[in-house]
Amino acid sequence: MSLSFVQLNGYPVMVYEKGGVKYYWLAGCPHKRRPLKDGKVFDDKIECPFHHAVFSLITGEMVKEPQSKTPCVNCKLIRVVVEGGSVKFEGEPFIPELPKR
């Protein structure tokens with residue numbers, strides 16, 4: 001298994017490969033729209049480095065709530081579908097940003 005990052009249509013995308021299958025996800029946490037590039041990867045999951053929400057890299061589902069006062073309602077990773085040179089997002093894509101200080 002491996003995780004890599006690419007740019008598709010101007011958006012950062014994570015490519016998780018396991019057993020010859022590639023899973024494409026927008027590389028942003030849906031909770032507060034933070035980058036997942038430095039997230040901890042384990043057991044087919046990724047942990048957001050900001051509020052520690054955990055998402056499946058296979059299904060995109062949130063498997064652990066963020067440690068935050070702000071809830072994450074209906075949170076899941078945004079699937080990216082790559083077919084025949086076209087790129088489609090299953091959800092509204094966004095550019096992840098670091099917190100403003």
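In what sense do strand 1 and strand 2 pair, and over how many bridges? In this predicted model, strand 1 (residues 2-8) pairs with strand 2 in the antiparallel sense. The pairing extends over 7 bridges. Ser4 has Val15 of strand 2 as its bridge partner. The two strands form a hairpin with 2 residues between them. In this hairpin, Asn9 adopts a positive phi near 55°.

Strand 8 (residues 54-56) and strand 9 run antiparallel and are joined by 2 bridges. Here Val54 lies opposite Lys64 of strand 9. Strands of a sheet pair through backbone hydrogen bonds, in either a parallel or an antiparallel manner.

Side chains of opposite charge can pair when their charged atoms come close. The model has 3 salt bridges.

One of the salt bridges joins Asp44 to Lys18. Their closest N and O atoms are 2.6 Å apart. Asp44 sits in the loop between strand 6 (40-42) and strand 7 (45-47), whereas Lys18 belongs to strand 2 (residues 11-18). The pair thus links distant parts of the chain, 26 residues apart. Is Asp44 buried or exposed? Asp44 counts as buried, because its relative accessibility is 15%, under the 20% cut-off.

Glu90 lies in strand 11 (residues 86-90) and Arg79 in strand 10 (residues 79-83). The two residues are 11 residues apart, and this pair too links distant parts of the chain. Glu90 is partly exposed, with a relative accessible area of 48%. Arg79 likewise counts as partly exposed, at 29% relative accessibility.

Which class of exposure does Lys100 fall into? Lys100 counts as exposed, because its relative accessibility is 71%, over the 50% cut-off. Glu97 is partly exposed, with a relative accessible area of 42%.

Notes: Residues are numbered from 1 along each chain as its sequence is written. This is a predicted model: local features need pLDDT of at least 70, side-chain atom pairs count only at pLDDT 80 or more; totals for chains, interfaces and linings use all residues. Side-chain values use heavy atoms; hydrogens and water are left out. A salt bridge is a side-chain nitrogen of Lys or Arg within 4 Å of a carboxyl oxygen of Asp or Glu. Helices (H or I, at least four residues) and strands (E, at least two) are DSSP runs, numbered from the N terminus. Buried means under 20% relative accessible area, exposed over 50%, partly exposed in between (1.4 Å probe, protein chains only). Two strands pair if DSSP finds at least two bridges between them.
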